[in-house]
Amino acid sequence: MKKIAVIPARGGSKRIPKKNIRLFCGQPILAYSIQNAIQSGAFDEIIVSTDDEEIAEIARSHNAKIPFIRPKHLALDTTPTLPVIAHAIETLGISKDDLVCCIYPTAPLLEPKYIILGLEKLMENPHKLYAFSCVNFDYTPWRGFLIDNEKISMLFPQHSLTRSQDLSKIYHDAGAFYWGRASAFCEGKMIFESHSLGIVLPKMSVQDIDTPDDWEIAEIKYKLKHSR
């Protein structure tokens, strides 16, 4: 059984131009995901799926493989991740019995040990299809509310008087990695279902990077982690 890392890094990002190769604490942000994959020692191959030659060149310079250029119709703002990974599996002729790990190109806070943990958990649980990174919300969504025309309405009013420590923890996708069986990606099986395992990451290992403010926060977290 082979283990393949697929890093989806398209060009054409809008909110942060050239986000996937922008310098992050001294090197292209994509390089961190490649380095983490290499350092994990978990993979037979590490490939980058991209439609952009500049991204491809930077990926090659950091020892990732670019065995194909992703077609434009799979590199749109609206293209989901699952078809991109399925395309890589089918193009490379990866066996449906192999394991594939999608590692996002903007996850510089991820540590290799969590990639390894995801692999171990998936192999220990042969009935599961995926093991993905997640993190619990900073503030509990059980106390969330809407503001509509200056009117406040709680989403879960039954919990308006419940102490926050008595509420169940709620998690969300950490946007770092999805380990999965190649067959599950190709069949389009959804990830956030009962056939998946959540690998909970510490908050210092997670930062969604969609805006310049997010980028600055991620760099602060990175510097703090590496100054300890």
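Let's start with a cysteine: C25 counts as partly exposed because its relative accessibility is 29%, and that label covers whatever falls between buried (under 20% relative accessible area) and exposed (over 50%), using a 1.4 Å probe on protein chains only. Keep in mind that this is a predicted model, where local features need pLDDT of at least 70, side-chain atom pairs count only at pLDDT 80 or more, and totals for chains, interfaces and linings use all residues. Residues are numbered from 1 along each chain as its sequence is written, and side-chain values use heavy atoms, with hydrogens and water left out.

**Cysteines**
- You'll find zero disulfides here, a disulfide being a pair of cysteine sulfur atoms within 2.5 Å.
- C102 is in no disulfide, and its nearest cysteine sulfur, on C101, is 7.1 Å away.
- C102 is also buried, with a relative accessible area of 0%.

**Nonpolar cores**
- A nonpolar core is a set of buried Ala, Val, Leu, Ile, Met, Phe, Trp, Tyr and Cys residues joined through side-chain atoms within 4.5 Å.
- The largest one has 36 residues, and F43, V48, I103, L110, F177 and W179 have the most contacts inside it.
- Apart from that core lies another, with 21 residues, including A88, L129, F132 and A184.
- Skipping neighbours within four places in sequence, I103 is in contact with residues including A5, V6, I7, P8, F43, L110 and F177, where contact means heavy atoms within 4.5 Å.

**A hairpin**
- Strands β7 (residues 145–148) and β8 (residues 151–154) pair in the antiparallel sense over four bridges; pairing requires that DSSP finds at least two bridges between the strands.
- Both names come from DSSP runs numbered from the N terminus: helices are H or I with at least four residues, strands E with at least two.
- I147 sits opposite I152 in β8.
- Two residues lie between β7 and β8 in this hairpin, and N149 in the turn has a positive phi of about 55°.

**The largest pocket**
- Its volume is about 1100 Å³.
- Of the 39 residues lining the pocket, K19, Y104, T106, D208 and D210 lie nearest its centre.
- A pocket here is an open set of points on a 1 Å grid over the protein atoms alone, where a 1.4 Å probe fits, with protein on both sides within 12 Å along at least five of seven lines; lining residues have an atom within 4 Å of a point.
- Volume is the space filled by probe spheres set on the points, which are joined across faces, edges and corners.
- β9 gives the most to this lining, with five residues.
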